[in-house]
Amino acid sequence: MSDPTIPPSPGAADTAHSRRRAEQAAALARQMDAHVGSRIRERRLELGLTQQDLSAALAISYQQVQKYETGNNRVSAGKLYAIARALDVTPDYFFEYFVGAAEPPAPPVSRDALALARACDAVANDRVRENLTQLIRALSQTWPPEQRGQTDQADQAEDQGDQTGG
C-alpha cells in the first residue's frame, strides 16, 4: 500500500495522462467511424442502392456493408476509396460535417425524406418545386410531434375495417 504522505512519482502522472489521451483518441476514432458509416449509408440511399447492390460492387458481403455503415467495423483507406468510386463521390465526402467530440452526429436521414427530396428535385419547374416545399412545411406543422404517428395507426385501422366489412 502506498504512503499518502509521499507524493506520487512523476511517471505515474504521465502514465495516467497518457492513458486519458489514448482513451480520448479512441473515443474520437469511434465517432469518426460512426460518422463515415452514416455518410456511406446516406449516399447509398441517395442513389437508391441496397446494401446488396453496394456489396456486389465492392465484392464484399452485405453484412460487411452493414458493419461499415453502423461504424462497428473500421473502413480501411483502400476500401474507402473503392466505396467512394462505387458511390460516385470523392473520399473527402465521408468526412464532411464531422464535428468531432464537440457535438453529437446529426441523426440519420430517413428513406422517406430521401425519396421525397429525390422526387422534389425531379420537378423541373422552380415555382412548382417551391410550392411543394411550402406545402410539405405546412403539413409538417399540422400535428404536434406526439400525435404524428397516431394518424397512420388510425388510417390502418380504418383500412382494415373497410376490408372486413366493418
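## Two sides of helix 2

In this predicted model, the face of helix 2 that is turned away from its buried side carries A56 and A57, both of which are exposed. The buried residues of helix 2 are Q51, L54, S55 and L58. Because these four cover an arc of only 100° around the axis, they lie on the same side of helix 2. The helix is followed by A59, a residue whose phi is positive, near 60°.

## From helix 2 to helix 3

Between helix 2, which spans residues 51-58, and helix 3, which spans residues 62-70, there is a loop, and S61 lies in it. Is S61 buried, partly exposed or exposed? With a relative accessibility of 35%, S61 counts as partly exposed, since that class takes in values between the cut-offs of 20% for buried and 50% for exposed. Although S61 and Q51 are ten residues apart in sequence, their C-alpha atoms are 8.8 Å apart in space.

In helix 3, the buried residues are V65, Y68 and E69. Their arc around the axis is only 95°, and therefore they are placed on the same side of helix 3. After helix 3 comes G71, which, with a value near 85°, has a positive phi.

## The largest nonpolar core

Which members of the largest nonpolar core touch the most other members? This core has 15 residues, and I40, I83, L87 and F94 are the ones that touch the most other members. Helix 1 (10-46), helix 2, helix 3 and helix 4 (77-86) each supply at least two residues of the core, and helix 4 gives the most, with three residues.

When residues up to four places away in sequence are not counted, I83 touches I40, L58, Y68, V75 and F94.

## A nonpolar patch on the surface

A nonpolar patch is found on the surface, formed by L116, V128, L132, L135, I136 and L139, which together have about 470 Å² of accessible area. How many residues does helix 6 give to the patch? Helix 6, which consists of residues 126-140, gives the most to the patch, with five residues.

I136, one of the residues that form this patch, has its place in helix 6. Its relative accessibility is 34%, and so I136 counts as partly exposed.

Conventions:
Residues numbered from 1 in each chain as written. Predicted model: local features only at pLDDT ≥ 70, side-chain atom pairs only at ≥ 80, totals over all residues. Heavy atoms only, no water. Buried < 20%, exposed > 50% of the residue type's maximum accessible area, 1.4 Å probe, protein only. Arc of directions from axis to C-beta. Patch = residues over 30% accessible without salt bridge, like charges linked within 9 Å, V, L, I, M, F, W, Y side chains within 5 Å. Areas by Shrake-Rupley, 256 points an atom, 1.4 Å probe, with all protein chains shown as cover. Salt bridge = Lys/Arg side-chain N within 4 Å of Asp/Glu carboxyl O. Core = buried A, V, L, I, M, F, W, Y, C linked by side-chain atoms within 4.5 Å. Contact = heavy atoms within 4.5 Å.
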